[in-house]
Amino acid sequence: MVMENFRLSRVIYFFAILCHVFCSKDASISTTDEQKQFEKPTNTNKVEESPATTTQYSALTEIKDVEDTLKRSLNLVLKRALPYFVRNRHKVKLSPTCSASIMKTVFALRKLEVWAIKMIDSSGKIPGGVLTGTMADMGSYNECLDISVRNVNSINKNMEAKESFRGKYCFLEFEMPSFGNKNLILNETPKLPANNTHSDTLGYWFYYNLRIIHQSPLMIGVCVPSTCSKEDVYNVASVASKAIYFPVSVPRCEVKTHTQLSTHQLVVLCFLGAIGLMVLVGTSFDLLHRRQLKNKLHIQGNSRNPCRLSLKKVVTSFSILSNTERLFCTISCTKNSLGALHGIRFLSALWVVLGHTYFLGSQSTYRRYRGLLAFHDFGNNFIFGIVENFTVAVDSFFLVSGLLLIYSNWNKLEKNIGKLFPIHFCIHKVWRMTPVYMLIVGLAIILPLLGSGPWWNETINPEYENCRNYWWRNLLFVNNLFHVKELCMLHTWYMSSYMQIYSVSLVTLLLIYRWPVLGWICNLLLLLGGAVLTGVVTYSYNLPPATLFSVGSYKRYEEIMTLVYIKPYSHVGAFCVGVGLGYFINRWRSILLTKKLQVLGWSCSTCLCLLTLCGPYQYRRGTPMHPVLTAVYAACHRTGWALGVSWVAFVCISGYGGIINKFLSSKIFIPLSNLSYCFYLAHPLVLFYRRGSLQERLFLSHFEMMYLFLGNTIFSLVLSYVCNVTVEQPFIQLESLTLRAVTEKKKTIEPHSTLPTKEYEVKTVKAQELTMTSEKLDQPNHNHLSVQRIV
């Protein structure tokens, strides 16, 4: 029946075009008896009619001619098709309500009722360009869901005709036969027998290309009456699919309904409302205070009331104005500052967004594209390896984090004679990371309420379900220990891996200060242990060398993500390199580098980075790598990338960076770097919203993807700015105010304390280690990168 409906719809369109052409060319069409009622009435007085009236009657006559001709043609088609439907009705098991609705639709088609035409028009057809990889035709999603069929013989309480049924939008998924070829690498060319002479036929075309299109089954959106269940649609589709040998399934069906809030969504909305209220109050109070200062009307006695002063700072910490000023503070970087890290950090985040624009999403992501076989050309493109291997950008984050761990805390260790309290440092880090992190998780929970589209549920619902069920894993920073399918927001594995590595590295930091040899041995063992474990897992499970698109099936991609990519041992090497770089900068920043050493350093750095990005080029083209070579590359390429970037950071910080240092230390990167944590967290929400709300397919090309990348970047920056000034910075200020209040209170009670002097000094040092001086709290210096920001 599905195939017959396809033929029927095409016949209707064909006859409509013929009738339109016929009626427009033949001016001598005779009118029928029904058309005569549209003829202008005779007037015995022979009053002249206006040209507008004559044109109106002419248009109505032509429309009626077209309609009558189309009805006759349609009735002829239905008259021939109905016996086929009656004969085969017993083969398709349909519910009585579904059968009645289908028959009502058929008779409405005979009358050319608009709602019936819309139901046919909103259904997808076999898309053009299947042989180029176009694997979906979504039809018209909104047109289908807006259909409402009412029964004029039944009246409801509001004196309106009761609704008989609505339009229901369903997806039919036709799985392509694999012919034993689905496990090939994306661009691997299968070998044919030497005596084969039929390699140019359609069957062998499928054999060559199904390694791509098998991962994206053909999907067609159809519009059916809402009285038909998902099983009814499947029963009809399965009968049609037997003739073409393509197994069919019905993943989902949708009907327009009123959205109901879940408990989790209600909690998130209440939290967002509370944040919005605090931002409104804080901004208003800040504006009033600024006006008072401008008019010199502020009360001088406020300084005598510490509680009132503290309350004012707590309230104004949520001020958008003050937080925006802190964000865009671009004090010039000095020669010996860490300003180059601003550029490295933001450019790495931008690289991640570029890679996610191409590859982030589920298996269904690629069905949104026309010309999916263009990925053949992408795999053969040497330069595109930079985009495909974008996951090494996160190791730049780990490198910078390891550097700041040593650089920012070494002076504190020297001042406090090696005293370090790891628990306090972890609490401090959790407080800085968690608020905006949970905000993004909350936004993912309410994202289903914000849009719709043919791909909406398929794109948004998995994220919603994972965040609703497993949000506590994100809160405890353990979500990377589970399967990738159970992650709430896939990219949040980074926060968990970072916290796990950071907690262990605090002990390493203490060992390096007290017992340098033992500390560096531990740091080296962490680096080697992570590399060895990554290589062993890759070799044991026969995994690809990296998280590339050219890994074969999507199941293999999930496997390498779960076993290697999201685990901390595959990234601990980059963090350890950062620890070593931070120590080296702290001790030998002013070292003299000769021209030869600079040339040697730049050469080694460039070679390491190129080997990392371009090492799997032959693998991407379809040449399998030896298992041992694959394991070696998987174990070393992330650490090699970190070593290459560490040279760039070192020469820029040491004053030998030249034009590269000027670029990376540019003032424009300071606020962008401060946004990088929120930018990294928020950008998948923009990507998911865009992909879920798509109403039509996109043409797969680099220009189109770059266009999307720029749009994703702009919207992600706007969203990250909102997250920064409303959540991230206010909680940073609250932590600073709390720690300073505790420190001042201890100083106040110190003369009256009965505790021993040494014990009291140790407790005071604990609080002081987690904060800067009061001057730095009120006017944060953006030239100095502290460990409070990790991305």
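Which residues are linked with Lys64 in a network of salt bridges? The network joins Lys64 to Glu67, Asp68 and Lys71. The model discussed here is predicted.

## Salt bridges in helix 2

The count of salt bridges comes to 17. One of the pairs is Lys64 with Glu67, whose closest N and O atoms are 3.8 Å apart. Both residues belong to helix 2, which spans residues 51–87. They are three residues apart there, so about one helical turn separates them.

The two partners fall into separate accessibility classes. Lys64 has a relative accessible area of 16% and is therefore buried, the cut-off for that class being under 20%. Glu67, at 30%, is partly exposed. Besides pairing with each other, Lys64 and Glu67 belong to the network that includes Asp68 and Lys71.

## Two further salt bridges

Arg556 and Glu559 form a salt bridge through their side chains, with an N to O distance of 3.6 Å. This pair sits in helix 19 (residues 554–565). Because Arg556 and Glu559 are three residues apart in that helix, they are separated by about one helical turn. Arg556 is partly exposed at 24% relative accessibility, and Glu559 is partly exposed at 27%.

Arg252 is bridged to Glu254, and here the closest N and O atoms are 2.4 Å apart. Arg252 has a relative accessibility of 13% and counts as buried. Glu254 counts as buried too, at 11%.

Lys256 is located in the loop that runs between strand 6 (253–254) and helix 8 (263–294). Its relative accessible area is 42%, so Lys256 is partly exposed.

Setting aside residues up to four places away in sequence, Lys256 touches Leu145, Asp146 and Arg166. With Asp146 there is a polar contact between the two side chains, at 2.3 Å. Ile147 is 109 residues from Lys256 along the chain, yet the C-alpha atoms of the two are separated by 9.6 Å.

## Gln729 in helix 27

Gln729 is part of helix 27, which covers residues 702–749. Its relative accessible area of 5% places Gln729 in the buried class.

The side chain of Gln729 reaches the backbone oxygen of Asn323 at a distance of 3.0 Å. When neighbours within four places in sequence are left aside, the residues in contact with Gln729 are Asn323, Arg326, Leu327 and Asn724.

## Packing of helix 17 against helix 20

The angle between the axes and the distance between them describe two packed helices. For helix 17 (residues 493–514) and helix 20 (residues 572–588), the angle is about 35 degrees and the axes are 11 Å apart. The crossing of helix 17 and helix 20 is right-handed.

From helix 17, the residues that meet helix 20 are Tyr498, Ile501, Tyr502, Ser505 and Ile512. On the helix 20 side, they face Val572, Phe575, Val579 and Tyr583. Sorted by class, this contact has eight nonpolar residues, one polar residue and no charged residues.

Definitions and conventions:
Residues numbered from 1 in each chain as written. Predicted model: local features only at pLDDT ≥ 70, side-chain atom pairs only at ≥ 80, totals over all residues. Heavy atoms only, no water. Helix = DSSP H or I, 4+ residues; strand = E, 2+ residues; numbered from the N terminus. Buried < 20%, exposed > 50% of the residue type's maximum accessible area, 1.4 Å probe, protein only. Contact = heavy atoms within 4.5 Å. Polar contact = N/O pair within 3.5 Å; in protein donor to acceptor, adjacent residues only side chain to side chain. Axes fitted to C-alpha atoms, helices over the stretch in contact; angles between N-to-C directions. Left-handed = near helix turned anticlockwise from the far one by under 90°. Nonpolar A, V, L, I, M, F, W, Y, C, P; charged D, E, K, R; others polar. Salt bridge = Lys/Arg side-chain N within 4 Å of Asp/Glu carboxyl O.
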